[in-house]
Amino acid sequence: QVQVVESGGGLVQPGGSLKLSCAVSGSIFSIMALGWYRQAPGKQRELVAAITNGGNTNYANSVKGRFTISRDNAKNTVYLQMNSLKSEDTAVYYCQARSMYDYWGQGTQVTVSS
């Protein structure tokens, strides 16, 4: 079993920054990759960014150059640094730990509004 807990969401003005954290615990040796997804009202959940155990990263086109995913293996934590936020970034952000199964956190709300 793997437990995933997100934190760091909130309200931010357009153009602002926010950093999300995701703490992973449990059978972490089985995890192959960690990712951030988001789901806006009325839309499907979509991949935002992912990072493998080897450090390879992947980003959605809509966030390239603005968001950065990173991980601290000593703390079993993955981060999502979000800069130059736009109103269309408003969504619930979910952390995913991928092993034989996919484990999800409860989500954290990010609202970009003036």
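Strands here are DSSP runs of E with at least two residues, and helices are runs of H or I with at least four, both numbered from the N terminus. This is a predicted model, in which local features need pLDDT of at least 70 and side-chain atom pairs count only at pLDDT 80 or more, while totals for chains, interfaces and linings use all residues. Residues are numbered from 1 along each chain as its sequence is written, and side-chain values use heavy atoms, with hydrogens and water left out.

**Loop residues**

Gly54 sits in the loop between strand 5 and strand 6 (57-59). Gly54 is exposed because its relative accessible area is 70%.

Ser99 belongs to the loop between strand 9 and strand 10. With a relative accessible area of 8%, Ser99 is buried. Contact means heavy atoms within 4.5 Å. Leaving aside neighbours within four places in sequence, Ser99 is in contact with Ser30, Ile31 and Met32.

Asp89 is placed in the loop between strand 8 (77-82) and strand 9 (91-98). Asp89 has 0% relative accessibility and therefore counts as buried. A polar contact is a pair of N or O atoms within 3.5 Å; within protein, one must be able to donate a hydrogen and the other to accept it, and residues adjacent in sequence count only if both atoms are side-chain atoms. A polar atom of the Asp89 side chain lies 2.8 Å from the backbone nitrogen of Lys86. Not counting residues up to four places away in sequence, Asp89 touches Arg38, Arg66, Phe67, Ser84, Val110 and Val112.

Ser84, one of the residues touched by Asp89, is in the loop between strand 8 and strand 9. The phi of Ser84 is near 50°, a positive value in a residue other than glycine. Ser84 is partly exposed at a relative accessible area of 41%. Asn76 also has a phi near 50°, and lies in the loop between strand 7 and strand 8. At 29% relative accessibility, Asn76 counts as partly exposed. Most residues other than glycine have a negative phi.

**Links between strands**

A disulfide is a pair of cysteine sulfur atoms within 2.5 Å. A search of the whole structure finds one. It joins Cys22 and Cys95, with the sulfur atoms 2.1 Å apart. The link of Cys22 and Cys95 is left-handed, with -85° about the S-S bond. Because Cys22 lies in strand 3 (residues 18-26) and Cys95 in strand 9, the pair ties together parts that are 73 residues apart in sequence. Cys22 and Cys95 are both buried.

Rings of Phe, Tyr and Trp (its six-membered ring) pair if their centres lie within 6.5 Å; planes under 30 degrees apart count as stacked, over 60 as edge-to-face and the rest as tilted. The structure holds one aromatic pair. Tyr37 and Trp104 form this edge-to-face pair, at 5.0 Å centre to centre and 70° between the planes. Tyr37 lies in strand 4 (residues 33-39) and Trp104 in strand 10 (residues 102-104), so the pair ties together parts that are 67 residues apart in sequence. Tyr37 counts as buried at 15% relative accessibility, whereas Trp104 is partly exposed at 34%.

**Charges over rings**

A charge sits over a ring if NZ of Lys or CZ of Arg is within 6 Å of the ring centre and within 35 degrees of the ring normal.

| Charged residue | Ring | Distance to ring centre |
|---|---|---|
| Lys19 | Tyr79 | 4.6 Å |
| Arg45 | Tyr94 | 3.7 Å |

A nonpolar core is a set of buried Ala, Val, Leu, Ile, Met, Phe, Trp, Tyr and Cys residues joined through side-chain atoms within 4.5 Å. The largest one has 30 residues, of which Trp36, Leu80, Met82 and Tyr93 touch the most other members. At least two residues of this core come from each of strand 1 (2-7), strand 3, strand 4, strand 5 (46-52), strand 7 (67-72), strand 8, strand 9 and strand 11 (108-112).

Val24 is found in strand 3 and counts as buried at 7% relative accessibility. Not counting residues up to four places away in sequence, Val24 touches Val2, Gln3, Ile31, Leu34 and Asn76.

Methods
Buried means under 20% relative accessible area, exposed over 50%, partly exposed in between (1.4 Å probe, protein chains only).
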